[in-house]
Amino acid sequence: MSEPVQAAGLYVHVPFCERKCPYCSFFSIAEGGNRELQQRYVRAARIQMERLAAGAGEEEISRPRTVDTIFFGGGTPAVLPVHLLADLLSTSLELFDTPGESLEVSLEVNPGTVDRDDLLSLRRAGFNRISIGVQSLDDGELRRLGRIHDRAQAEQTVTWARQAGFSNLSLDLMFGLPGQDLCSWRRTLEQALALKPDHLSIYELTLEENTSFYLRARQGDLHLPPEEIICEMMEWTQEQTAAAGLRRYEISNYARPGVACRHNLKYWDNSSYIGIGPGAVSFLANTRMAAIEDVAAYCRLLLDGGTGDGWRRVWVDSETLDRQGRFRETVIMGLRLVRGVSRTRLQERFGLDIETFYGPVLERLREAGLVEWAGEYLRLTPAGLRLANTVMAELV
Ligand code: SF4
């Protein structure tokens, strides 16, 4: 059974950072000043985009010629000079059909990497949504996180972004940080809300393997807030965001009405997306393909890959999902959304009924108060949202 073809999302992964933060497991390298490598990366990314847009002679992969969201993430996209970012964006607009006015074009920036003129140029280049990696508004916490900016720079970046004309502005925040207490999280959240963001992404710090925070925690050298304080932080977050008119629409995301991130909604809806750049993942025609996590090798494969199929070797991992696999994934991703998953839509997409498919497992979760029906939507309850990973593990 094949799903109807819809516009895809286009993700451009910029794998450079000024320096590596000690908690971060995203694929990026601390080569913020390596202009030669950055230029090679941009040329390689352009080739990857051209090959994917052309379908490279493969009908299945050529299907999503229309993209209605574009997202430049990283890494730290803004460590690239503005003209290179503008160049990559204009290449994508030339290669893919887009819906014009309603196209969402997001850019992640970090305070300390852009100034007022950069933001003006980026807005003029066509980026119309900005996501600012603030993380905390406490200078001590920012230092412990290894960030390159302080509170004043974060606030300044918000002001400049507004002045540059970004009317759709999101802030990234983190809680559960080393040395953080309830008071300092409250202060950060209150100060962030005073900046009047249209959207907030709020994540609890997680200790990812192969990060220095993970190693320090194992050695007993990292002091994180206890579980009961984390729960209080979460409750405070719900109350304050709601009072500020930001509706929680996903486990970690809050937005004013009408400005949920449409690009990220594609991931939670398990729709098609095209990933450009080293480490980026594409999901096209039921196949998920991950590109090599090595900037130099990525550039070599695309720039020296010749005119044949050599460029395809950038994908080092590929998995085609059967109907049941896609169904399961769609349920798990969709339950991250506060509204949950539509039974009718799942039936239309996959020809499977969620209640019949999961049977007693679903009943058990319902009786435990972790999931519930709201009309024809199955969703996590407030308790289920707190224990989302446990629920997902049951449905995998
Ligand atoms: S700036 Fe962002 S992507 Fe880069 S290392 Fe820090 S957290 Fe990771």
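This is a predicted model: local features need pLDDT of at least 70, side-chain atom pairs count only at pLDDT 80 or more; totals for chains, interfaces and linings use all residues.
Residues are numbered from 1 along each chain as its sequence is written, and side-chain values use heavy atoms, with hydrogens and water left out.

Let's start with the overall layout. The protein splits into domain 1 (8-268) and domain 2 (323-395), with bounds that come from an automatic or database domain assignment. Taken over C-alpha atoms, the centres of domain 1 and domain 2 sit 28 Å apart.

Nine residues of domain 1 touch nine residues of domain 2, where contact means heavy atoms within 4.5 Å. Together domain 1 and domain 2 bury about 870 Å², with 65% of that coming from carbon and sulfur atoms; buried area here is the accessible area (1.4 Å probe) that two parts lose on being put together, summed over both. On the domain 1 side, R248, I251 and W268 lose the most area to domain 2, and together they make up 58% of what that side buries.

What about charges across the interface? The rule finds one salt bridge between domain 1 and domain 2, meaning a side-chain nitrogen of Lys or Arg within 4 Å of a carboxyl oxygen of Asp or Glu. The side chains of R336 and E250 also form a salt bridge, at 2.6 Å from N to O. Strand 7 (247-250) and helix 9 (262-268) are the elements that give two or more residues to the side of domain 1 touching domain 2; helices (H or I, at least four residues) and strands (E, at least two) are DSSP runs, numbered from the N terminus.

Next, the ligand. Around it are C17, R19, K20, C21, Y23, C24, G75, T76, N110 and R147, each with a heavy atom within 4 Å of it.

G75 turns up again in the backbone: a cis peptide bond joins G74 and G75, with omega about 25°. G75 lies in the loop between strand 2 (67-74) and helix 2 (82-95).

Two other spots are worth a look. Just after helix 3, G126 takes a positive phi of about 125°. K196 has a phi near 55°, a positive value in a residue other than glycine, and K196 belongs to the loop between helix 6 (182-194) and strand 6 (199-204).
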